[in-house]
Amino acid sequence: MVVLKAINDAQQRYFLENQTYTADLGLLDIEPPGTAVWDDTQQKNRYPTKNFIYASSGGANNYVNAYREANPLLPTNTRYGITFYQNSGTRACFWTNAKYEPICKSLGIDSTQTCDTTVSVENCYVLK
């Protein structure tokens, strides 16, 4: 969460200077974790590390996320992830298999809010 927060904060600074968010974490004023790997499907760099893959959507409805995959080379195998949504300021945790739901619950959920499924997967909690 600390690394994701640092990326989120750097995105905010980038926005103040450029009036837009970037999908390329390499353009931020921090050193992204991992080494950039081009994702042909999403047409942007992802930054895989031992435990998570970091990425950003860029554009007006930007979010930054860290997600864990069964196989880092196959982004369709996501197990769970944490996302910061720039516009709303909310954080969310999503999962693709019920066995990963406890990980999201352990991060502290805000039961008064629900995830926006237009920008997130159905299995999702808003975090405190």
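In what order do the strands of the open sheet come, and with what pairing? I opened the predicted model with that in mind. I read off seven strands in the order β1-β2-β3-β4-β5-β6-β7, with antiparallel pairing. β1 (37-39) and β7 (124-126) sit at the edges with a single partner strand each, so one side of each has no neighbour in the sheet. From one strand to the next I get a twist that averages 25°.

**Entry: around β4**

Next I went to β4, residues 63-69. Five of its seven residues are buried, so I noted the strand as largely enclosed by the rest of the structure.

I then looked up the strands that pair with β4. With β3 (residues 53-56) I find antiparallel pairing over four bridges. Ile53 faces Tyr67 of β4, and Ala55 has Asn65 as its bridge partner there.

What lies across β3, β4 and β5? I find helix α1 (residues 2-18) there, running at about 155° to β4.

**Entry: aromatic rings**

I searched the whole structure for aromatic pairs and got six. One of them is Phe52 with Tyr54: the ring centres are 6.4 Å apart and the planes stand at 55°. The cut-off for edge-to-face is over 60 degrees, so I logged this pair as tilted. Tyr54 is buried, at 9% relative accessible area.

Trp95 and Tyr125 make another tilted pair, with 4.9 Å centre to centre and 35° between the planes. I looked up where the two sit: Trp95 is in β6 (residues 91-95) and Tyr125 in β7, 30 residues apart, and the pair links distant parts of the chain. Buried or exposed, for Trp95 and Tyr125? I have both down as buried.

Which residues form one aromatic cluster? My list reads Phe52, Tyr54, Tyr80 and Tyr100.

**Entry: disulfides**

How many disulfides does a search of the whole structure find? I count two.

In one, Cys93 is bonded to Cys104, with the sulfur atoms 2.0 Å apart. I get -65° about the S-S bond, and the link is left-handed. Cys93 belongs to β6 and Cys104 to helix α2 (residues 101-106), so the pair ties together parts that are eleven residues apart in sequence. Both Cys93 and Cys104 are buried.

The other entry is Cys115 with Cys124, at 2.0 Å from S to S. This link is left-handed as well, with -70° about the S-S bond. For burial I applied the cut-off of under 20% relative accessible area. Cys115 comes out at 15%, so I call Cys115 buried. Cys124 has 11%, so Cys124 is buried as well.

Last, I looked up the pairing pattern: with the bonded cysteines of the protein chain numbered in sequence order, I write down 1-2, 3-4.

Definitions and conventions: Residues are numbered from 1 along each chain as its sequence is written. This is a predicted model: local features need pLDDT of at least 70, side-chain atom pairs count only at pLDDT 80 or more; totals for chains, interfaces and linings use all residues. Side-chain values use heavy atoms; hydrogens and water are left out. Buried means under 20% relative accessible area, exposed over 50%, partly exposed in between (1.4 Å probe, protein chains only). Two strands pair if DSSP finds at least two bridges between them. Axes are lines fitted to C-alpha atoms, for helices over the stretch in contact, and angles run from 0 to 180 degrees between N-to-C directions. Contact means heavy atoms within 4.5 Å. Rings of Phe, Tyr and Trp (its six-membered ring) pair if their centres lie within 6.5 Å; planes under 30 degrees apart count as stacked, over 60 as edge-to-face and the rest as tilted. A disulfide is a pair of cysteine sulfur atoms within 2.5 Å.
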